[in-house]
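Visitor: I have not seen this one before. Can you walk me through it?
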Amino acid sequence: MTTKRVADIKATLCLPHTPFPMRANLSALEQRLLAHWQSIDLYTTLLDKRVDGKSFVLHDGPPYASGELQWSHILNKILKDIILRYRSMLGQRCEFVPGWDCHSLTVEQEVEQRHNEDDTPIEKGALRRECRELAHHYLTTQREQFQRLGILGDWDHAYSTMSPSYQAAITRALANLMRSESLVQRTRPVFWCTECETALAEFEVFFQPREMLEAYLTYPLISDPMHLDRQLRGRDVEFLAWTSDVWTLPGVMAMAVEPDAEYVAVRSQRKVYVLAKERLEDVAQACGWEHVPEVLVSFQGRQFASLSCRHPLIHRKLPFCLIPSLRLAPGTGVLQLSPGHDPLNYEAAQQHDLELLSPVDEKGRFTHQAGPWAGKSVWESEPRILRDLEAVDSLLSSPEATVVLKYPYSLRSGEPIIFRATTQWFVPMNVKELRQRAQSSLEQMEWQPDWGYKRMNSLLQRRSDWCMSRQRVWGVPLPIFYCTRCKTPLLDPDHVDILAERYEQNEFGADLWFDAPVEELLPYEEGGLRCERCGNHQFRQEEDIVDVWFDSGVSAWAVLPHHQEDKPLSTMAVEGVDQFRGWFQGALLTTLQLSEKLPFQAIVAHGRVGGESSAMTTAREQHQALISLRQRNASSEEKAQTLTPQQAMERWGAEILRLWVVADDFHVHRVFEAKACQRLTRTYRKVRNCFRFLLGNLYDFSPSEPVDVELMDEVDRYAIHLVHHRVKAIRQHYKAYEFHLAWRQLVDCCIRDLSSFYFEVIKDRLYNSAPDWYVRRSAQSALFRIADVLCRVAAPLLSFTSEDVWQHLHASEEADSVHWSLLPEPSELPVMADDQAAIWDGLRVSRKKVLRAFANTSDSLRLKRPWEAAVRLYPNTTLLREALELCDEETLPFILGVSQAEVAPSDEPTPREAWRSSLGSLAVEVKRADGRRCRRCRYMYAELQDAGSHPTCSRCQRAMEHHENAGESATSSEPSTPSS
C-alpha cells in the first residue's frame, strides 16, 4: 500500500451525506414549507388532481371566535387535518371550509366589562359594532394560528356567523320554521343563567355534583282527615315532603303523589305524618327519630285526589295531583309541584290546570310575589326560608343538613343556574315529528366511537323543546314583530325572506334590525297591515336574539351545497364528545327541519382537553378536565404545566403538536403535559434520523436504475418484507381512525425494524463496498423503496417532515408535494415466503441476543466494540439452528455484528461460562476475535494484505483499487456478497 493510499483511506469509503439535517429546527422548516404550500396553492391543486375521485366533505363545526387558540382547538383541527390528508391520499376529493361562530356571549361580556370598568353606558348599536370588531380580531388571530399549524382548507372562503350572507341564511331558516309552524311562543320554565341574565338551551348546560341544603318539611292537611280514615279523627295530619331546591318553596302550587303507591300515616309525638311506606325507614333516620314510628293507617295514593294541604309559609291552598310513575326516592314519596321552576312540574301543571308562578327576576332575585323574601337572591334566601320553616314547626330535619347531587351549571359562566318560567320562543320537538325523525335518522349514520349512537339517541329521547330566544344583543335578532296594543306576535315568513335579502345587502348584516326604525323594517301603507287579533296597525320589534347554537346549527344547511338529493350534506363531522349535547345535536335538528336531509353521514367524536391556563373553551372543560385531571396528576408539578398552544408551538414546532394529538387515543379525555411533548420530541428525533440515514445513503443512487426486488440481497428483501407488514397495519389503523396505533407502527418500523436491525446489518456493505458494487446497489434500491413508502404513509401524521423528506428524496424530479401522491399499497413491497421470513426472524433475534451477551461480558474480556469479538452459538431450538446454519461463515458475522461467528454442533454441550438469554433459546459464548483489525472496515481477520502499519482485508483492498480505477469496469474485482 502506498503512502498516498494510506493517507486517503477514508476517501475510499462511501460514507453517507445529505443536506437533510439531523436537527430539524422545526420553526424555520415549517415556515419554509408553509410558504411552499402557499406558492403551489396546495389545497386547490389537490382538489384539481382529485377531480375524478370520490367526494369527501368534512364539515367544520365552528369554534367560537373569542380568545386565542386553546388545546381543545389544537386537538380538533389537527385531527381534522389528519383525516383530510389521509382521505386525499386515498385519491378522494376532499373539501373543507373552515368556519367560526362569532356570536359568542364571551365577546359581548368582554365588551360590556370594558364599559363597566369605565362606567360608560353603551347603546345597542355601538355594542354590536364593538362586538363585531372584537370577534373579527379573534377570528383573524385564530385563522393565522390554524394556518401556522399547517391545517389545509379553503381559508379564503371560510364562513363566519356574523357575515351578512350567513346572517341572512339564519334569518331564512327562521322563515322556514315559521312556514312549518315550528316556531312557537310559550311561557314555561327554562334554564336561566342569572350571571348572563338570559335563557339557556340544553346545549349550554352541564351537570356536576353540588352540595345543597336539603329539607324535610311538612304541609298541614286542611281537608277533614275523616275522608282518609276514621282513626285520624281529631288528629293534626301533615304530609311530609323533601326538597333539595329550598329556593323553589315560594313557587309551590300543589302536591303530587303516586296513585298506585302505598302511603302510611305514622305518629311522632303529637302529630301524624303521611309519606310513602317504602321511604319510612330512611326518612326516620334523616329526621332524627329514635325509632321507626308506628304505622296507624295505610292508603293508596289515589285516595288523596280530593284532598288539599296548606303551604306552611304562604297563605295558599295546595291541591293534590296524581302523577303515575312518580319517583319515590329520594325524598318521601310526596312531591311539591313548582310549575314555574321545573319542566316536569310544568307538564303536571298543564294537565291539572295549575297557576304558573315564578316569583324570580332575571338576576335571580325574588320578586314581590315571593312575599317576605322579595329582593333577596334565591341562594341567599335559602337559609332564611329554612329558619322560617323551623319557626312554624314545619321543618323536621336540621337547618344545616346538606346533600350532594348533580346540579345544572351554565356552560358560559360556570355558575349554577335556576329554572325560571318566562315567555320564550321554542322549536317544539313534537312538531313534524322532529324527535322521531331525528332518532330514526341516527341509524343511517356511522359513529366513531360506536357508543355515540346510544348517547345521541338517549339525549334526543330526553330533550325538551328547543328554547330559541336569548336576552342578549350580540347575535342575529329574532325577526318577529308585536302588536303595540295586544302584544300579539306577527310571524310573516314572506316578509322575513325580504328582510334576509336586506341583511345580505347591508354591510353590517343584521345590524339593520337595531339601526333602522320599525317603519323601515316593516313597511306598510296606512291601514294596510293590521293585527289579526285587535286590528291595530302599529308594531314593535322583538328585542331578543336567536340562540347561538341555532346560528352554528344551520351551518350545514347554510354553507354546504344541496345538489346531491339522496345524500347527506357532508361526509363527516369531527368534534368533541360534549357536542353530542351541543353542535352535533343542533346541526341534526336544524338540518332535518330545513332540508329533510342529514347534515353528515358520519360522526367522529374526540375527548376533551384539560390543562389550559385560562379562557377554557367551555366551563365544562374547566370544571371536569382541568380540575379533576390536575388533581389526578398532582404528584408531578411538571405535568401541570400550563403552556399555551402558541408557547408550545414556538418551543417545539407544530409537528410535535401533531404528534401530541396522535400519540394517544383521541377518544379519551386528556390533559396537556409539557413532559409529554419532551418525550415525543425524543421519539421524533429517532424517526427523523431514520429518514436521515435513508437519504444519506442515497446521494449517488439513481432511482431510474434500481435492482429488482427478486435479485436483491436476501436481507434487503427481508427489510422490505418487514416494511410491507408495517404499511399494511398503518393503513388498517388509518381506516379505523386509530391514529395512535398507526403512529406506534411507524415508530416501531423506523426504530426497531430499520435503525436497530437492518441499518446496522447493511452499514458495512454501504460504507465499505465500492460505489457501484452490486451488493451496495441492492441495499440502496431497498433503501429508496423504503424511504418512498415510509414518507408517503407517514404524510398524514408528519405532514411537515414527510414533505421535507420528499423534497430531498425526489430533488432531481422537482416533485412539488408528497401530499399530491397516494398512500402506498402493501403490494408495492413484495413479501418473503413464510419459511424464508421465519429464518430471518430467527437471525434477527439471534443478533439481539448476541449483542446482549457481548454487553454482559465485554468488561471482563476488555472488549470495547462488538467487532472485536468472536462468538460461538448454542441454539436450543431446531428452527433457530436451521436459520443459523443456513448462513455461511462469511455472512453470519456481518448479520450478528461481530468479526467471527460459528455454530456449535448439536451434540456439543453448552459450556458453563456461555451467557444464556432470558428466553433460553440461544446460549452465546463470547471471546476475543483472532487475528488483526482491518484499518478500513474495522473487522478482525486472520490474514490481512499489505501488512504495514495500515493492513486491510482483501475485500477492502479491492474496494480501494476500484476507487483508484474509477471509470473502469469493476465486475471482475467485485467480491461475493458478504451477507447473501
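Guide: Of the contacts in the protein (heavy atoms within 4.5 Å) with a separation of 6 or more, 78% are between residues 24 or more positions apart. This is a predicted model, where local features need pLDDT of at least 70, side-chain atom pairs count only at pLDDT 80 or more, and totals for chains, interfaces and linings use all residues. Residues are numbered from 1 along each chain as its sequence is written, and side-chain values use heavy atoms, with hydrogens and water left out.

Visitor: How many helices and strands does the protein have?
Guide: There are 30 helices and 35 strands, counted as DSSP runs from the N terminus (helices H or I, at least four residues; strands E, at least two). The radius of gyration, taken over C-alpha atoms, is 38 Å, well over the 30 Å that the globule rule (2.2 Å times the number of residues to the power 0.38) gives for 980 residues, so the protein is more spread out than a compact globule.

Visitor: Ok, strand 27. Buried or exposed?
Guide: Strand 27, residues 602-606, has 5 of its 5 residues buried, meaning under 20% relative accessible area with a 1.4 Å probe, protein chains only.

Visitor: Which way do they point?
Guide: A602, V604 and H606 point one way, I603 and A605 the other. In a regular strand the side chains alternate between the two faces of the sheet.

Visitor: Which strands pair with strand 27 in the parallel sense?
Guide: Strand 26 does, over 5 bridges, with V574 opposite V604. Strand 19 does too, over 3 bridges, and E446 has A602 as its bridge partner. Pairing takes at least two DSSP bridges.

Note on methods:
Buried < 20%, exposed > 50% of the residue type's maximum accessible area, 1.4 Å probe, protein only.
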